Amino acid sequence: MAISKIPSAGFQDNVKFRNIIINGDMSIAQRGTSEASVGNSFTYFTVDRFKLGGSGSSGARFTMSQDTDVPTGQGFAKSLKMDCTTADGSLGASDSIQIVQRIEGQNLQYLKKGTSNAESLTLSFWVKSNKTGTYIAELRDTDNNRTISKAYTIDSASTWEKKTLTFEGDTTGAFDNDNNASLRLIHWLYAGTDYTSGTLQTSWGTLTATDRAVGQVNLADSTDNDWYITGVQLEAGTTASDFEFLPYDVNLRRCYRYYWGWWDKADAASNGAIGGMAVNYSSSIVYISGHFPVEMRTTPSLDQGSGTAFYRFLRASATDFLDDFELSTNNGRTNERGYELFNNSDISGTAGHGGWIRCNNASAFVNFDAEL
Amino acid sequence: MINTITKVYDPISNEFCSYRITYTNSNNIRCVPLDEANKDYQAIQEWIADGGTVIDNPPEETP
């Protein structure tokens, strides 16, 4: 085919995986779609890869959820919503919460940070809130304790707005080339004076706490307040390209690197989801092993519901009921590629019997967590 | 909030193989690998450094 026959659109956005942010369209939420009464903690609750961060002792609470309110005609189906359910109109100095994504250093080497050729970064996203005013987006280099913040304004209440912020390249401090967190994208939602009493640090420099979120509105000052975000894209260069939509399965597998919901509570509610093959090593020990769908970032933790007879082991026309599992990680028995679990407290079987594991309680779940 | 952290030993080799975390007011538990890049492992080391005590009941050696 002659080159002239290729539609011009074929050359647009031709740098694939240019979005440094994973799950920027908020389409994946393996842990659940809503979590009530979240506050100043460092925990992943709903939408994959977006962590709630915070500090201090404010009593402000939010419901954090994956929502279907999205900007019209932009191709998005989901957003992340923070809905204030307990207000705090007088924040303490150390109080803050943020929505954070942490990024592996080995995915950032092409930015050439710490050299004279350091790339600029452009952040774009859609945001909506009834609480108008100034908000802060920050990039934090945790390898070198450096940071840069930019302010944006929500101009119109309860209206989706697209924001674009460009951060200059940083010629100081290279990112470590490993699987640990090197860069954080931080969206501030409220901040006490420990983070606001200085001058906003709009150029890269050593982290000074009081310069990080100067001007940030208090999203927690009324239970009427909510804040939505979607279409988060961080890319090299000084201009924002169209959001890079990925196929659902590609996006999901990128999230699996950090968190794999093996059995979620919806599976357990069906009271029969298969978990894996198992075998009686001895009369009192059962082992379960398998492979992860993708190589995880590091050896994951095993996160699970635990309770009387939450799981069952079916074998040779018999059933053993198990409360939970242990994780075997010595000698690489569980690693980035696969897992080995065991139970040696609830089993009374026959050595050599094979079988399989099922959930047996609606509150049972088994997940693997290698998040940053 | 963390309630207890217990060392877990492999039932075949008797080797220390993971940590088990229980939480206050929760039926959820978390089993943590012996991997320095794991964030829960890092948190346990900080917890120990801050004075937390890990429950350790190693299996008895067979003569």
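Colleague: What makes strand 16 of chain A and strand 3 of chain B a pair, and in which sense do they run?

Modeller: In this predicted model, strand 16 (residues 301–305) of chain A and strand 3 of chain B are joined by four bridges in the antiparallel sense; a pairing requires at least two bridges, so the two strands count as paired. Within strand 3 of chain B, B:Arg30 is the bridge partner of A:Asp303.

Colleague: Why is the meeting of A:Asp369 and B:Arg30 called a salt bridge?

Modeller: The side chains of A:Asp369 and B:Arg30 stand 3.0 Å apart, N to O, and the limit for a nitrogen of Arg and a carboxyl oxygen of Asp is 4 Å, so the pair qualifies. Between chain B and chain A the count is six salt bridges, and the interface also holds 20 residue pairs in polar contact, both residues at pLDDT 80 or more. Strand 3 of chain B gives five residues to the side that touches chain A, which is the largest share, and by class that side of chain B has 12 nonpolar, five polar and seven charged residues.

Colleague: How do you know how much area is buried between chain B and chain A?

Modeller: The size of an interface is often given as the accessible area lost when the parts come together. For chain B and chain A that area is about 2100 Å², with 44% given by carbon and sulfur atoms. B:Pro11, B:Cys31 and B:Lys39 supply 23% of what chain B buries against chain A, more than any other three residues.

Colleague: Turning to chain A, what does the contact between domain 1 and domain 2 consist of?

Modeller: The domain assignment gives domain 1 (15–256) and domain 2 (259–369) of chain A, and nine residues from each of the two domains take part in the contact. The area buried between domain 1 and domain 2 of chain A is about 850 Å², of which carbon and sulfur atoms give 45%; in domain 1, A:Gln30, A:Arg31 and A:Tyr256 lose the most area to domain 2, together 59% of what that side buries. Between these domains there are zero salt bridges, whereas six residue pairs are in polar contact, both at pLDDT 80 or more.

Colleague: Why are strand 2 and strand 11 of chain A called edge strands?

Modeller: Six strands of chain A form an open antiparallel sheet in the order 2-5-10-7-8-11, and strand 2 (51–55) and strand 11 (205–206) each pair on one side only. Inside that order, nine bridges join strand 5 (residues 96–104) to strand 10 (residues 181–191) of chain A, and A:Gln98 stands opposite A:Trp188 in strand 10.

Key. Residues are numbered from 1 along each chain as its sequence is written. Chains are lettered from A and ligands numbered from 1 in the order in which they are written. This is a predicted model: local features need pLDDT of at least 70, side-chain atom pairs count only at pLDDT 80 or more; totals for chains, interfaces and linings use all residues. Side-chain values use heavy atoms; hydrogens and water are left out. Domain bounds come from an automatic or database domain assignment. Contact means heavy atoms within 4.5 Å. Buried area is the accessible area (1.4 Å probe) that two parts lose on being put together, summed over both. A polar contact is a pair of N or O atoms within 3.5 Å; within protein, one must be able to donate a hydrogen and the other to accept it, and residues adjacent in sequence count only if both atoms are side-chain atoms. Ala, Val, Leu, Ile, Met, Phe, Trp, Tyr, Cys and Pro count as nonpolar, Asp, Glu, Lys and Arg as charged, and the others, Gly among them, as polar.
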